[in-house]
Amino acid sequence: AMASSDDGQPLAKQAKKAAHLPFKHGPGPASSYSRAEDWSPNGYTSPLPPTCLSRVTRELLDLVTNPLPGIAAVQDEDDLGRVHALLIGPSGTPYQGGFFYLVLRVTEQYPMQPPKAQLMTTGSGQVRFNPNLYKNGKVCLSILGTWVGPCWTPAMGLRSVLLSVQSLMNEKPYRNEPGFASASVKKCDEYNDIVQHETLRVAVCEMMEGRVPMPQLLRQEMRNAFGQHYQYYTDLCRRHINRDGKPMRDPFNPGQAKFSYGSVLKRLESVNQQLSAGAGSS
C-alpha cells in the first residue's frame, strides 16, 4: 500500500518540515553518526536503482503477507524508497498502547547498507523515550550504524529494523543504557513511571490529536488500536493521578516536566468522544 498524508499533501514534502534538532550525545558511547544528515531520512531523496526499489517493494509485500504483531508499514506514494511505519507499544511494557511513528528511507546502496531511520513521535523534539531513542528522532541501533555492536548485513531488511526498534521498547528500558544492565529495580521502576506517562501524553494523546502528519492508513490503525486500549489508558491515569504536580526526574532528559495524569485523562476522553461521534455519523 502507498501512503498519502491526512491533508492530501505529499508526505515527502511534509517530512522536510520536521524539526532537525542538533545532535547531542547522551550517556554512553559516542555514535559514529553524530550529524543529522548522516542518519536522518528527512530531505534524503537520492534516486534509487530499479533493483533497490524492487527489493523494497518485495519487503513491504512480505510485511503485508506476513505481518509483524503491533507493526504496520506503508510505502510513500511520492518517494518509493521511503517507508512509513507504526509501532504499537508492546503489552507489559511502559510503552503499552503507545503509537510510535517511524520513517525509513533506503539509500542507493541498499541492501548493502542500512536504511536511514527517524522516530517522529518525540513531542516536537522534547521527549526521549528510551536511552536509544533520542528526542531529535535519532534511533541508536548497531545495525543502522548509529550505535556500537553487530553491524548491518545484506541479509537484513526492513523487517529486521522494525523488530529491532520494537525490541528497544521492553519491560526495563533503563537497562538499555550501557553500564546500566544491572541497575536496581527501583531505578528501573522510576524510569518506567516517566516513560509510561510520556507514552500516554505524547505517543497516544498527541498522536491521536493529529499533531504529527502521517499516512491515513497508519492513522486508521491508530484509531482501531485506541479503542482496544482505551480502558487501559484511562485506568492507568486514574491509578496514578495522585502523582500530578510531582517532578519527573528523567536521567536521560533533564528538565522541569511534571506528572499530569489529570490533564492526560481529559485529553483521552476528548479523543474518545470525537471518535465515537465520528463513528455515529458514518
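User: Which residue in strand 4 does L86 stand opposite?

Analyst: L86 stands opposite Y101 in strand 4. This is a predicted model, where local features need pLDDT of at least 70, side-chain atom pairs count only at pLDDT 80 or more, and totals for chains, interfaces and linings use all residues. Numbering starts from 1 along each chain as its sequence is written, and side-chain values use heavy atoms, without hydrogens and water.

User: What makes strand 3 and strand 4 a pair?

Analyst: Pairing requires that DSSP finds at least two bridges between two strands. Strand 3 and strand 4 (residues 99-105) have seven bridges and run antiparallel. So they pair under the rule of at least two bridges.

User: What about strand 2 and strand 3?

Analyst: Five bridges, also in the antiparallel sense. A hairpin of five residues joins them. Q75 has V83 in strand 3 as its bridge partner.

User: Why is helix 3 called a helix, and how does its span agree?

Analyst: Helices are DSSP runs of H or I with at least four residues; strands are runs of E with at least two. Helix 3 has 16 residues (50-65). At 1.5 Å a residue the helix should span 22 Å, and its end C-alpha atoms are 22 Å apart, so the two agree.

User: Which residues of helix 3 are buried?

Analyst: C52, R55, V56, E59, L60 and L63. They cover an arc of only 130° around the axis, so they lie on the same side of helix 3. Buried means under 20% relative accessible area, exposed over 50%, partly exposed in between (1.4 Å probe, protein chains only). On the other side, exposed residues include P50, R58 and T65.

Technical notes
Expected span 1.5 Å × (residues − 1). Arc of directions from axis to C-beta.
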